[in-house]
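Dear colleague,

Please find the structure below, with the sequence alongside. A short account of the findings follows it.

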Amino acid sequence: MSEEGNAATAVPNARQIGQRVIHLGAANAFEYAMQFLLPVVLVRCLDTAEFGQYRLLWLAVGTVMAVATMAMPGCLYYFLPRSDAPTKRLYINQTLLFLAGAGLVAAWAVSPWNPWLPGKMHGFAEHTLVVPAFVLLWVLASLLDLLPTIDERITWQAKATVGLATLRTVALSVTAVLTRELGPVLLVLLAFAAFKLTLLMGYVARHHAQRSPLLRWSAFSGQVRYAAPFGASAALYGWREQADQWVAAALFPVSMFGSFSIAAILAPLVHLFRQSVNGPFLPSMSRLEAAGDIAGMLKLNNRANVFVGALLFPLLAFVFAFAEEIVTTIYTAALVDAAPVMRVYIVGLAALVVELATVTLLLRQGSFMMRLNLVALPLSVALSWYAAHRFGFAGAAVGSVAVAYIDRIVMLRRIALCTRFAFQRLQDWRTLGLLLLFAALAALLAWGMVDHYFAASGPFVRLVAGGLLLAAAYVSMAAWLGMRQGWLSAARHPEPGL
């Protein structure tokens, strides 16, 4: 099967999926590195108030994006692998039309014409047209983040991800360095969104050129009915994940919110890990579910979670142990208040290694997820609000962390009920637990050694020494576990199929 051609009906073998994960993972890792680098430049070029405003803008964009797309791009994972070429183009056309309408509503929501716009967002009043126009284009262009992967054109997706990440970071950084003002940065951001949308339309024209109507009502209504429960659930989940940031923005000055938002910088990393793994796996999982092979679908989800845990647990442990050094080295000592918040977030991010959204998507559990998030959202807000008043700045992150664990437990029980698989068989709990234990032990060892031998050294030296010690300890323990469970032989001789 050619990766750049139409998706085949056969499920790719382990080697093919592994190669796709590596390609997309490397691209997403590069994009995350660029996202990580950009605030490092901006925090040194903008004053604290403007940097806080920039971060507040992206919080607002994330909030409207959570509801604007309504899972219409994501639902293409369900429809496209099962459709012929003209029907694929029809579903893409319908998705673009939906995103255009949703983008207009989202643009109004962040504009001064919205009478319910949060007070601190009125700081963008001087950018009356720029911010709404950017949000409209951003919503439309968001389809480019998924469509090539859904088409199983992983190489194309990886190249686009790397190219766009580089362009965005360089353009915004140069603008910030030259002007040291927020206004020009926003104008360049608008131009970037327009370029991304142009690239999306070029991709659709080239790879889905079959003539199809823009909309067929029966197909569109079916697509919306399928996506709506997941969209509502995703919106509630997205708001739940952002609730603590809105609590922090409401209770603390904008300049302090900049520190709080920096503490959440690892959340996009977890998302990128998940996207890198889920993207190549999900089309195959969709075909397995369509064929009635629920065990095979769960097996792929299980593999993906162990793979992500093996990579993510040591990184989270490293950041937890050396949070102050990381913030001081990268973002300057002025934002060191972010370190305690970062540690609170890491406790919650560890739970997200067990990814279940793909399984609930294929099991059509959107309505259940919507009800779950409808309860979880106010609970998260209440816990964050209380903890912020009770424990201060870091307490505002407590709500999303506590609810993350409640969410996973409830979702696992629901999947067990739907699939008739025992709770303990849904994941490789022993391997996940050992990987988490190894990461924690390696971090404790590294922190103890650094604290003893490098106590008088600067933060950068402590980071380098701690990272090397943690990596050596974790790799040794994980390699032992891999040999015990046959990972190494499986890597050398992948099974022919899944």
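A contact, as used here, means heavy atoms within 4.5 Å. Helices (H or I, at least four residues) and strands (E, at least two) are DSSP runs, numbered from the N terminus. This is a predicted model, in which local features need pLDDT of at least 70 and side-chain atom pairs count only at pLDDT 80 or more, whereas totals for chains, interfaces and linings use all residues. Residues are numbered from 1 along each chain as its sequence is written, and side-chain values use heavy atoms, with hydrogens and water left out.

The protein chain contains 20 helices and zero strands. Of its 498 residues, 54% are buried (under 20% relative accessible area, with exposed over 50% and partly exposed in between; 1.4 Å probe, protein chains only). Among contacts between residues at least 6 apart in sequence, 82% join residues at least 24 apart.

Helix H8 covers residues 182-207. Its buried residues include Leu182, Leu189, Phe192, Lys196, Tyr203 and His207. Among the elements that cover the buried residues of H8 are helix H2 (48-68), helix H4 (85-109) and helix H7 (154-179).

Regarding cysteines, a search of the whole structure gives zero disulfides (a pair of cysteine sulfur atoms within 2.5 Å). Cys75 is in no disulfide, and the nearest cysteine sulfur, that of Cys418, is 20 Å away. That distance is too far for a bond. Cys75 is buried, at 2% relative accessibility, while Cys418 is partly exposed, at 35%.

With kind regards

Key: The expected span of a helix is 1.5 Å times one less than its number of residues.
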